[in-house]
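Here is a short tour of one protein chain, written for someone who likes to know the cut-offs behind each term. Have the coordinates open and follow along.

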Amino acid sequence: MFGRAHFFVRCFGDFFRMKIRSFFSRIQQLLLLIGCLAMPLSVLADGSVWVLVDTEAAELRIMQGKRVIQSFPDIALGRYGVTANKRRMDNMTPLGEFRITRITRNTRFQLFLGLSYPNTEHARLALEQGWLSESDWRSIERAERRGVEPPQDTPLGGYIGIHGVGEGDPELHELFNWTNGCIALGNDQIEELVTRVGVGTRVIIR
């Protein structure tokens with residue numbers, strides 16, 4: 001009798017643990033989306049320059065605290081839109097908070113400002129959903145803690161940044177989203193942006 005009762009307790013325990021894990025995974029996705037919509041208090045408090053990418057308005061804004069210093073309209077995003085749950089090769093732009101990790105000139109897109117994607121928020125969500133390994137999670141977490149570029153070859157994808165059109169058609173650029181997940185500006189816009197930001201500048205995509 002005791003053995004049967006113990007068996008049922010274990011079964012129900014496993015069932016509720018799975019339900020609770022699923023519930024908190026959904027909550028975490030919601031919190032990530034809310035975080036993308038909210039303006040971080042730390043950004044507003046110190047008055048530092050940061051970048052806001054408003055995906056709904058298709059506009060990039062250079063901010064200082066709450067003040068808009070400059071705005072660039074008609075930006076292009078990933079051809080399949082935006083997501084808080086990005087994966088490799090999905091051609092979507094990740095939502096979230098990042099830092100500029102490198103600035104590279106003379107690329108095919110004229111200028112490339114690499115972002116610290118994937119970050120620990122995206123990695124934690126992917127780990128809980130079972131499609132990111134523990135070792136990849138640890139590598140991403142370690143990179144963020146050290147302030148360096150995270151691994152770019154995990155199932156989360158990588159090489160996300162802000163860049164120009166390069167030798168592409170500037171008129172087509174303004175008509176539709178065409179990138180593999182990056183944020184694209186006109187060539188004059190990216191040249192102006194790089195005069196106001198640097199490695200370490202915060203970038204919020206929402």
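Among the contacts in the chain between residues at least 6 apart in sequence, 60% join residues at least 24 apart; contact here means heavy atoms within 4.5 Å. Please keep in mind that this is a predicted model, in which local features need pLDDT of at least 70, side-chain atom pairs count only at pLDDT 80 or more, and totals for chains, interfaces and linings use all residues. Residues are numbered from 1 along each chain as its sequence is written, and side-chain values use heavy atoms, with hydrogens and water left out.

**The chain as a whole**

The secondary structure comes to 6 helices and 10 strands, taken as DSSP runs numbered from the N terminus (helices: H or I, at least four residues; strands: E, at least two). Of the 206 residues, 43% count as buried. Buried means under 20% relative accessible area, exposed means over 50%, and partly exposed lies in between, with a 1.4 Å probe and protein chains only. The chain exposes about 11600 Å², of which carbon and sulfur atoms supply 55%; such areas come from the Shrake-Rupley method with a 1.4 Å probe, and for residues only the protein chains shown count as cover.

**Helix H4**

Helix H4 covers residues 134–146, and its 13 residues reach 18 Å from the first C-alpha to the last, close to the 18 Å expected at 1.5 Å a residue. That expected span is 1.5 Å times one less than the number of residues. Which residues of H4 are buried? They are Trp-137, Ile-140 and Ala-143. Seen down the axis of H4, the buried residues fall within an arc of 130°, so they line one face of the helix; the arc is that of the directions from the helix axis to the C-beta atoms. An α-helix has 3.6 residues a turn, so residues three or four places apart point the same way. Helix H3 (120–129) is included in what covers the buried residues of H4, while Arg-145 and Arg-146 are exposed on the other side of H4. Gly-147 follows H4 and has a positive phi, near 75°.

Asn-91 sits in the loop between strand E4 (82–83) and strand E5 (93–94). Is Asn-91 buried or exposed? With a relative accessible area of 16%, Asn-91 is buried. Leaving aside neighbours within four places in sequence, the residues in contact with Asn-91 include Gly-78, Tyr-80, Lys-86 and Thr-179. The C-alpha atoms of Asn-91 and Cys-182 are separated by 8.6 Å, although these residues are 91 apart along the chain.

**Backbone points to check**

Most residues other than glycine have a negative phi, and most peptide bonds are trans.

A cis peptide bond joins Tyr-117 and Pro-118, with omega about 0°. Pro-118 is placed in the loop between strand E7 (110–115) and H3.

**An exposed loop residue**

Leu-175 lies in the loop between helix H5 (170–173) and strand E9 (183–184). At 64% relative accessibility, Leu-175 counts as exposed.
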